Amino acid sequence: MKTTLARHSRPETAIAAAKSWVPVALLAAILLGITVSSTRADCNPAGRIDASCYANLQDATAAAITANEPLWLPAGTYRLERELVIDYAPLADTGFRIISDGAVIDATATGLRAMSIECSGGTADNPKGCFYFHIQGTLFVNANTWQAAFRFGQNDYSDAHNSAKIDHLIANNAGTGPAVRLNYVLNADIFTVAVTAGSAGLVMDQVQFSKISGAASATTGTAMLIQNGYTFSNTISAIDLEVAQTCLAITSPSASHNTFVSPYFVCPTAVAATSGSSNLLFNPLYGGGTSAPLPRSQIGILTLP
């Protein structure tokens, strides 16, 4: 689906600074929301595409992918009217990078997903292999939706995202859906704080031999959910799971050999594993009155010590 987005707001200091160097006609076009054909000479610094030079984030993303340069999000709030889809298939072999200086992508007014990272061209039977996607710096993503606020990979597993790195993603969903959903992600290094008022904070739908850390919560649901696809050989380290009814749920029969190193659980139910095998909780800590699961009460879970 083709998407369009509203122009984003910027801090007054940034706008004031822009007035000192942006030509009057260009500045007027930006303030009126007219799409500006940006050039390196009049806006973008060398080696990156400045999202604040474009009428919307979708246009800025397209320019960055076409130029094979990072998309730079200066600090500020970028308000969306439609879902931002980042399809980096043209750069599938070399990757695409987003540089965020604490930017906020806000889709709360749309009722839709805020961001989807995709790599088109594959099918469920023959997935597209894509490499080296990277979010550098701190990025905030806000939504109010039944969908995942931030989705990495398509739900049908038609794109396999290899060797990805996400430095510091903070996703908040005020709706019923997940905060972060990871579909077919391999050999990745991801730090995320995934917070939702709804079903699940962090959903791992098919994640393999990756490193995951950060925190997750779901006020009325499950902080971290491993479901559906083949999720195995992952190291989940120093993760904080709390402010949820269940901290960790594993429902996929193909979830195996996942190692949780020093996880922290604070929920009425710490673990609910109904499927899977050879998943290890190493040195877990149960806080706030949370009780450790009884021995052999969870399918496929081994706890040490």
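This is a predicted model: local features need pLDDT of at least 70, side-chain atom pairs count only at pLDDT 80 or more; totals for chains, interfaces and linings use all residues.

Analyst: Residues are numbered from 1 along each chain as its sequence is written, and side-chain values use heavy atoms, with hydrogens and water left out.

Phe133 is buried, because its relative accessible area is 0%. Buried means under 20% relative accessible area, exposed means over 50%, and partly exposed is in between (1.4 Å probe, protein chains only). Tyr88 is buried too, also at 0%.

Now the pairing. Rings of Phe, Tyr and Trp (its six-membered ring) pair if their centres lie within 6.5 Å; planes under 30 degrees apart are stacked, over 60 edge-to-face, and the rest tilted. By this rule there are 6 aromatic pairs. In one of them, Tyr88 and Phe133 have ring centres 5.5 Å apart and planes at 40 degrees, so the pair is tilted. This pair links distant parts of the chain, 45 residues apart. Tyr88 sits in the loop between strands S4 (84-87) and S5 (97-106). Phe133 sits in the loop between strands S7 (128-131) and S8 (134-143). Strands (E, at least two residues) are DSSP runs, numbered from the N terminus. Tyr88 and Phe133 form one aromatic cluster with Phe152.

How values were computed
Helices (H or I, at least four residues) and strands (E, at least two) are DSSP runs, numbered from the N terminus.
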